[in-house]
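Here is a short report on a protein model with two chains. Start with the structure, then read how its copies meet.

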Protein chains: 2
Amino acid sequence: MALIVQKFGGTSVGSVERIEQVADKVKKFRDAGDDLVVVLSAMSGETNRLIELARQISDQPVPRELDVIVSTGEQVTIALLAMALIKRGVPAVSYTGNQVRILTDSAHNKARILQIDDQKIRTDLKAGRVVVVAGFQGVDEDGNITTLGRGGSDTTGVALAAALKADECQIYTDVDGVYTTDPRVVSQAQRLDKITFEEMLEMASLGSKVLQIRAVEFAGKYNVPLRVLHSFKEGPGTLITIDEEESMEQPIISGIAFNRDEAKLTIRGVPDTPGVAFKILGPISGANIEVDMIVQNVSHDNTTDFTFTVHRNDYQAALQVLQNTANEIGAREVIGDTKIAKVSIVGVGMRSHAGVASRMFEALAKESINIQMISTSEIKVSVVIEEKYLELAVRALHTAFELDAPRQGE
Amino acid sequence: MALIVQKFGGTSVGSVERIEQVADKVKKFRDAGDDLVVVLSAMSGETNRLIELARQISDQPVPRELDVIVSTGEQVTIALLAMALIKRGVPAVSYTGNQVRILTDSAHNKARILQIDDQKIRTDLKAGRVVVVAGFQGVDEDGNITTLGRGGSDTTGVALAAALKADECQIYTDVDGVYTTDPRVVSQAQRLDKITFEEMLEMASLGSKVLQIRAVEFAGKYNVPLRVLHSFKEGPGTLITIDEEESMEQPIISGIAFNRDEAKLTIRGVPDTPGVAFKILGPISGANIEVDMIVQNVSHDNTTDFTFTVHRNDYQAALQVLQNTANEIGAREVIGDTKIAKVSIVGVGMRSHAGVASRMFEALAKESINIQMISTSEIKVSVVIEEKYLELAVRALHTAFELDAPRQGE
């Protein structure tokens, strides 16, 4: 008898047939004696349809009113699932964000959860009901409907699990777990039985789009065991949890993440004076451009080179800003490159193992892949390489760190 | 500076273009200095789409959950209109039934309004905002979403007007007012400038489907001046109000209503004993069949004939029930006819005028139309005739009661 929060995304509830399948799955858990809170997204495509409707009225829909419209998407799916459960003889009740009361701040379209009233849900659970909650939405102090921003249903699930002190928060997706890397790139990629929150954060932010970053942060903060599972296939999935035992058996590297969404900009021959980094990056962030990696080399002849990466969509804008800065501070030139890729090895195990970075560089060197930038954190090493070598690099690293073979005892 | 509640139905908000037109109209009133509360239905077709979705899960959707789904229809239109108003520089805010707080009983799918909290709306009106409210929905004491049943948006409009003591409740429709009779049958049918609540009730229940009956009752009870107008054509519409001055100029008859939805059943040779009417109608109502007109003739030879009308859809079921009853009570025979029509003359003026009925019968006799049943109330006389004479009868009565010519001074 466990208390489980289950979250199903838009594809899992994308049709009446799918909703019936979800009801079958929920019933199976209920029949096994678990208490269940189910969090749903809108049917896939519905949120976009609603936003499109609003855009027909205004290019910049009023955020408060947009939330009123968009929140109807989940309102439909929760009631449909509750009906499907009741049809199966499983007592169930649906709640909107307002009805639960998921209290958020008033930042419409990107609100943050402040507090969850668990009273209603606990009463229903005690009465043997499955509680079906609309994800992605809440209500502010004045009773205005808010939404958490795209993908926010994961966060709703985790927040509910935290508030209810649930035994597990299960996130059902279209993959059967978190992999050592993208199986489309490396056919030997292995599903991980376990991964730590920190590793998952690095994997997620680096482009393994299984879970929303905020949901993982939230789960880590409140220590909610999170499990990623496939909506319609059986399997144990991947459990995301705190790093309890730092055993010797633990693999050094859990996975290899990558992305090709970034572009690189370099400003050369910058007079090396204090505050120069701020002079360069201040205008970039002033233009609302997010910067990912930053590398500054040691200077020679009192000038230095300064390189950073931005999202490819922001490349042109960043280039323009940087040109202006170069003129102002008297830098020699600005160059850029959009044909790059970032590859990262991630693992809490590297904390206690020396030589992880050099093993990475060696594997890349063996394939004659030139490294353009390097950045490291406690549990990750990232390199920027030429985009065309991406697949080769990921495969080489996957083998070098012994991720190809199924691992025992996990 | 008046406080006006305006209600627009599904066709009036059936597309983004229509919603923009409604916004133009609302803005015009606002610019003229009126305080406005706008009540909206769902986009036409949307409620049926949502019900269909629920039916795919279950033939008998759980009423509570059906309300959760169906209420999203209005939630979308109110936000779209609020956006369209704000785009025009008119401050506006949308509220669901729950947000206003339109408190209802817990009879899901057919709830009744118990109380309306006018505080939020008054604050917004004072701040110069147009308040856009979802029609057809409310919330019960436990926070469950309820709906008022089909067409309930009219009721929401009237109830809000009553709660706010509004100067007028304007119901925008696809007709430009209430007519003396259906213009498709009588080309000389005249728009009425005014009609009393009682007359409107008789007209509505007899098939002039301009307004929902419950909304008219509500308006009459709380004395809310109600005006029927065309959504997209200019014009004064028809004001529905209490019968203030019973002047001599008042026409005897305000209008002629008719319908061809009914069927007639007669049970003949019924032993005339006390309680026989109940023995006949008890099983009918027990089968959930509504009865409209009932006529019992004086008996002769200790037997009587008993005739009543039901909706045509219920004819076969009623016939079966009546056959059984006839066998039980030893009646001679059961006969029925679906090819009938009901024609009624309606007017508060007939209270003080004798001979209205005979003038009606005379007009029908002149056209050789046989009257099969007669029933009367204080402000109405109804007759059942053969269906094929319906148009002829309505035209003859329209002329006989001098409704053909435009009337002065109303």
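Copies are superposed by least squares on the C-alpha atoms of residues with pLDDT of at least 70 in both. This is a predicted model, in which local features need pLDDT of at least 70, side-chain atom pairs count only at pLDDT 80 or more, and totals for chains, interfaces and linings use all residues. Residues are numbered from 1 along each chain as its sequence is written, chains are lettered from A and ligands numbered from 1 in the order in which they are written, and side-chain values use heavy atoms, with hydrogens and water left out.

**How the copies are related**

Two copies of a chain are related by a rotation about an axis and a shift along it. Here a rotation of 180° with a 0.1 Å shift along its axis puts chain A on chain B, with an RMSD of 0.2 Å. The two copies are thus related as by a two-fold rotation axis. Thr72(A) is the residue of chain A that comes closest to this axis, its C-alpha lying at 2.6 Å.

**The interface**

Contact means heavy atoms within 4.5 Å. Buried area is the accessible area (1.4 Å probe) that two parts lose on being put together, summed over both. A salt bridge is a side-chain nitrogen of Lys or Arg within 4 Å of a carboxyl oxygen of Asp or Glu. A polar contact is a pair of N or O atoms within 3.5 Å; within protein, one must be able to donate a hydrogen and the other to accept it, and residues adjacent in sequence count only if both atoms are side-chain atoms.

| Interface of chain A and chain B | Value |
|---|---|
| Residues in contact | 43 residues from chain A, 43 residues from chain B |
| Buried area | about 3100 Å² |
| Salt bridges | zero |
| Residue pairs in polar contact | twelve |

Carbon and sulfur atoms carry 66% of the area buried between chain A and chain B. Ile57(A), Glu65(A) and Met83(A) supply 23% of what chain A buries there, more than any other three residues. Of the interface residues of chain A, 100% are also interface residues in chain B, so the copies meet through the same surface.

**Salt bridges**

Over all chains, the structure holds 42 salt bridges. In one of them, Arg88(A) meets Asp24(A) at 2.7 Å, N to O. Arg88(A) sits in the loop between α4 and β3 of chain A and Asp24(A) in helix α1 of chain A, so the pair ties together parts 64 residues apart in sequence. Helices (H or I, at least four residues) and strands (E, at least two) are DSSP runs, numbered from the N terminus.

**From the record**

An unreviewed UniProt entry lists Thr47(A) and Glu74(A) under "binding site". They are spread over 28 residues of sequence but cluster in space, with a largest C-alpha distance of 8.8 Å. Thr47(A) is in helix α2 of chain A. UniProt positions are given in the numbering used here, feature names are shortened, and annotations may be inferred rather than shown by experiment.
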